[in-house]
Each structure stands twice: as structure tokens, then as C-alpha cells.
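This report describes selected side-chain and helix contacts in the structure shown below. The model is predicted.

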Amino acid sequence: AYLVVWSIGWSFIQILLLPPLMALFAMGVGLLIAVANSRYRDVGYFYQVGLRLLFFVTPIIYSLEAAPETLGGIPLRRIIELSPLTMFVTAARRCTYEQRWIEADTWAKLIVSSVGMFLIGWIVFNRHADDAAEGT
């Protein structure tokens with residue numbers, strides 16, 4: 001759609017860097033879930049519920065500013081900001097819909113969180129891989 005109306009800027013090129021970072025983050029989470037699920041079978045069910053909840057808490061259709069600051073005394077916007085996917089979705093919205101460059105501090109947060117989650121998942125998985133293979 002952007003190319004048809006010729007409404008594409010140079011900031012759009014950043015969208016190519018986001019999927020590999022998201023995949024790295026998801027791989028780390030997947031490795032952690034795999035270890036936990038091999039030990040406790042109910043983790044898979046909790047993961048499904050948590051993933052659905054995370055979907056509704058992530059500002060995909062709405063912007064973060066559209067969420068109320070507090071809801072019944074609960075700091076709703078802060079909870080949404082802490083969602084790991086909010087950072088990725090907000091960055092994608094910024095470089096596509098808003099056609100602005102993603103700030104350097106946001107890139108740093110994206111890279112550190114993605115690489116950090118992958119390394120944590122990798123370390124935990126490698127330490128418990130033998131246990132997972134045995135099913136204990």
C-alpha cells in the first residue's frame with residue numbers, strides 16, 4: 001500500500017531490522033518455555049493463556065497514548081509499557097506508519113533485550129537439556 005500511493009520514506013528501511021530482533025527474543029522465550037514445559041507439563045497451558053493476555057496488552061491497533069494512565073488505581077499504561085512486545089510494535093509503528101526514525105536508545109533497548117533474552121534462554125536450555133531429554 002505504501003508503494004502504490006508512493007508514501008514511503010527512508011525510515012521504512014528500518015522495518016527490515018525488526019523481525020530478526022523479534023525472532024531472537026522469541027527464540028530465547030521459546031527455549032525457556034521448553035525447559036519449563038519438560039519439567040512441568042501445565043506450563044504449555046499457562047503459556048497459551050499468557051500469550052493471549054500479552055496480545056491484548058500490546059498496543060497493536062491502538063497507540064500507547066490511547067491507553068488510560070490508570071484504571072481503578074492500577075497503573076495500566078506502565079504495565080503496557082513493560083510488555084516486551086510493546087517496544088517492538090511501537091518501533092514498527094514509528095518507522096512505518098509515522099515514517100520517523102527510531103531513536104538510538106530504543107534500538108539499544110531492542111538489541112539488548114533480544115540478545116539478553118536469547119542468551120538467558122540458551123544458557124538455561126543448555127544447563128537443563130539433559131533433564132529435558134530424560135523427561136525428569
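## A network of salt bridges

Glu98 and Arg94 form a salt bridge in which the closest N and O atoms lie 3.8 Å apart. Glu98 is partly exposed, with a relative accessibility of 35%, whereas Arg94 is buried at 15%. Glu98 also forms a salt bridge with Arg100, with 3.5 Å between the closest N and O atoms. Arg100 is partly exposed, its relative accessible area being 41%. Through shared partners, salt bridges join Arg94, Glu98, Arg100 and Glu103 into one network.

The count of salt bridges in the model comes to five.

The side chains of Arg78 and Glu81 meet in a salt bridge, with an N to O distance of 3.2 Å. Both residues belong to helix H3 (residues 76-82), and because they are three residues apart, about one helical turn separates them. Arg78 is partly exposed at 46% relative accessibility, and Glu81 is likewise partly exposed, at 37%.

## Packing of helices H1 and H2

Helix H1 (residues 18-39) and helix H2 (residues 43-57) have axes that come within 9 Å and cross at roughly 145 degrees. On the H1 side, Val29, Ile33, Ala36 and Asn37 make the contact, while H2 contributes Val43, Gly44 and Tyr47. By class, five of the residues in this contact are nonpolar and two are polar, with no charged residues.

## Ser38 in helix H1

Ser38 lies in helix H1. Ser38 is buried, because its relative accessible area of 12% is under the 20% cut-off. The side chain of Ser38 reaches the backbone oxygen of Val35 at 2.8 Å.

Note on methods:
Residues numbered from 1 in each chain as written. Predicted model: local features only at pLDDT ≥ 70, side-chain atom pairs only at ≥ 80, totals over all residues. Heavy atoms only, no water. Axes fitted to C-alpha atoms, helices over the stretch in contact; angles between N-to-C directions. Helix = DSSP H or I, 4+ residues; strand = E, 2+ residues; numbered from the N terminus. Contact = heavy atoms within 4.5 Å. Nonpolar A, V, L, I, M, F, W, Y, C, P; charged D, E, K, R; others polar. Buried < 20%, exposed > 50% of the residue type's maximum accessible area, 1.4 Å probe, protein only. Polar contact = N/O pair within 3.5 Å; in protein donor to acceptor, adjacent residues only side chain to side chain. Salt bridge = Lys/Arg side-chain N within 4 Å of Asp/Glu carboxyl O.
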